[in-house]
Amino acid sequence: MREEFRQIFPAPPPPADIFATYQITHEFYREAQVRQEFQSYCQWYRETTKLHQQELAKMQGDINLFAWFSLRR
């Protein structure tokens, strides 16, 4: 084939192996991202739970003013 015509015709498509490799790489990085987000969520949840448990313990030690006003005689 002459050199002028080679510039006009498009290049042949790449082999399918390249697309398979790209797909596997994309799935791997997506899985790594999902796991990292889940791990961050679990860490946040643990910290929030600990904070709420501390607040509950503190509230249980407070005086219950509502009980004073709702006593029935």
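I began with burial: of the 73 residues of the chain, 0% count as buried (under 20% relative accessible area; exposed is over 50% and partly exposed lies in between, with a 1.4 Å probe and protein chains only). The model is predicted, so local features need pLDDT of at least 70 and side-chain atom pairs count only at pLDDT 80 or more, while totals for chains, interfaces and linings use all residues. Residues are numbered from 1 along each chain as its sequence is written, and side-chain values use heavy atoms, without hydrogens and water.

I looked up the elements next. The chain has 3 helices and 0 strands (DSSP runs numbered from the N terminus: H or I of at least four residues for helices, E of at least two for strands).

I then turned to the aromatic residues. The structure holds 4 aromatic pairs (ring centres of Phe, Tyr or the six-membered ring of Trp within 6.5 Å; planes under 30 degrees apart are stacked, over 60 edge-to-face, the rest tilted). The rings of Tyr 41 and Tyr 45 have centres 6.0 Å apart and planes at 40°, so I recorded this pair as tilted. Tyr 41 and Tyr 45 are 4 residues apart in helix H2, about one helical turn. I noted Tyr 41 as partly exposed at 44% relative accessible area, and Tyr 45 likewise as partly exposed at 48%. Tyr 41, Trp 44 and Tyr 45 form one aromatic cluster.

Last, I checked Phe 38. Phe 38 lies in helix H2, residues 16-61, and counts as exposed at 56% relative accessibility.
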